[in-house]
Amino acid sequence: MSELNISDAAKAVIRRNTDEVQGGGDWALFDELFADDFVDHTPQPNSGANKAGVLGLYRKLREAFPDFRAVIHWQRADGDVVTTYKTYYGTHQGDFLGLAPTGKAIHFETVDAMRVQNGKITEHWGVANLYSALQQLNALPR
């Protein structure tokens, strides 16, 4: 497979994760898309750096924001590593980082890089602007 084809295939896997797993709560697809030996190099607090940890994080986000979804602004691939810049949106309906539901609509930006090998996500590095989300929930000064 050529480098271009590897990159296009990797971007498609990441898009499915963003749209169908994170945005749609398709946990069966999560299991298909993530390798059993997946490693998160930048795990969120109180989340494991493995496949189970990421699934737990995704579930918590969907419980806190049942309408959780993302808009992908751009993706770039270098071989099997895909970098994605996106904005997440949701309405705060459940516990989020210890904050009781507020009913507020929020959004926050994320940049992440994910490695895809043999059709499965094997590694992740990322940064999320949770400071902005906490400001929108009035948990931090503006």
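I looked up the largest nonpolar core first: it has 15 residues, of which Phe-34, Tyr-58 and Ile-121 touch the most other members. A nonpolar core here is a set of buried Ala, Val, Leu, Ile, Met, Phe, Trp, Tyr and Cys residues joined through side-chain atoms within 4.5 Å, and buried means under 20% relative accessible area with a 1.4 Å probe, protein chains only.

I noted that H1 (3-22), H2 (27-33), E1 (34-40), H3 and E4 each supply at least two residues of this core. H1 gives the largest share, four residues. Helices (H or I, at least four residues) and strands (E, at least two) are DSSP runs numbered from the N terminus.

I recorded another core apart from this one, of 13 residues, including Tyr-88, Ile-106, Leu-130 and Ala-133.

On sources: the model is predicted, local features need pLDDT of at least 70, side-chain atom pairs count only at pLDDT 80 or more, and totals for chains, interfaces and linings use all residues. Residues are numbered from 1 along each chain as its sequence is written, and side-chain values use heavy atoms, with hydrogens and water left out.

I then checked Ile-121. Leaving aside neighbours within four places in sequence, Ile-121 is in contact (heavy atoms within 4.5 Å) with residues including Val-13, Phe-34, Phe-38 and Met-114.

I turned to the lining of the largest pocket. H3 (51-64), E4 (105-117) and E5 (120-128) each supply at least two of its residues, and H3 has the largest share, seven.

Terms used. Buried < 20%, exposed > 50% of the residue type's maximum accessible area, 1.4 Å probe, protein only.
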